[in-house]
Amino acid sequence: MIQCNYGYLDLDHDGTVLDSYKTLKTMQIPMITGAAVRDLYIGDVIDDEIVKKILGFLHMLNAETLNRLSEIAIVEQNYIVLYSATDRPVQIRIGKLERLDEKAHLTEEFLNNLEKNPHAVEYVDFNYTAPFIKLAE
C-alpha cells in the first residue's frame, strides 16, 4: 500500500495498481512511506524505481514475514527501513537496495527468531556483510 494524491493504493509486486481507497483501512500488507504517487488508477503501473525495488524485495518474502511487517520507510533516496508489527516492534534497517535476496532471507530469519529471543532488540542493521543487532537498554 502506498499514499497517492487522492488516498491510498494497493500495488502488486510489479507495481500495478490493484485497488484504491480514499481513507486508510486496516492493512493486511505493509505500508510504503516516504514516497507518494500521483494520478494513478487501477491497472496503471507505478514508474518510481525505488518503489519498484521495494515491491520486488517484498515479493521475495514469504507470507508469514509480510504479515509481520507494518511499514517500509524510504528514509533517504536509497535507504530503506522496515518496521515489524510484532509484539515487540523492531526497526529493521535494510539500507541500500542492493543484495536484496540476502536481505530478504535475513529478514525472514530474524523475524522467525525474534519471538524466541529473550532479549529486547532496538534494531537490526543488514547494511553490513554481517548483520548488526542493537539490544534495547
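This is a predicted model: local features need pLDDT of at least 70, side-chain atom pairs count only at pLDDT 80 or more; totals for chains, interfaces and linings use all residues.
Residues are numbered from 1 along each chain as its sequence is written, and side-chain values use heavy atoms, leaving out hydrogens and water.

Start with the helices. Helix α1 covers residues 49-60, and helix α3 covers residues 100-114. Helices here are DSSP runs of H or I, at least four residues, and strands are E runs of at least two, numbered from the N terminus. The two axes come within 9 Å and cross at roughly 50 degrees. Axes are lines fitted to C-alpha atoms, for helices over the stretch in contact, with angles from 0 to 180 degrees between N-to-C directions. So α1 and α3 are oblique to each other. Oblique is what remains after roughly parallel (under 35 degrees), roughly antiparallel (over 145) and roughly perpendicular (65 to 115).

Which α1 residues meet α3? Lys53, Phe57 and Met60 do, and among their α3 partners are Leu100, Ala104 and Glu108. Contact means heavy atoms within 4.5 Å.

Next, empty space. Rolling a probe the size of a water molecule over the atoms shows where space is left. On a 1 Å grid over the protein atoms alone, a cavity is a set of points where a 1.4 Å probe fits but cannot get out; a pocket is an open set with protein on both sides within 12 Å along at least five of seven lines; lining residues have an atom within 4 Å of a point.

The largest pocket has a volume of about 170 Å³. Its lining includes Met1, His13, Pro30 and Leu66. α1 gives the most to that lining, with 3 residues.

Now the cavity. The structure holds 1 cavity of 30 Å³ or more. Ile54, Phe57, Ile72, Ile80, Leu82, Ile94 and Leu97 line the largest cavity. Both α1 and β6 (79-84) give two or more residues to that lining.

Definitions and conventions. Grid points are joined across faces, edges and corners, and a volume is the space filled by probe spheres set on the points.
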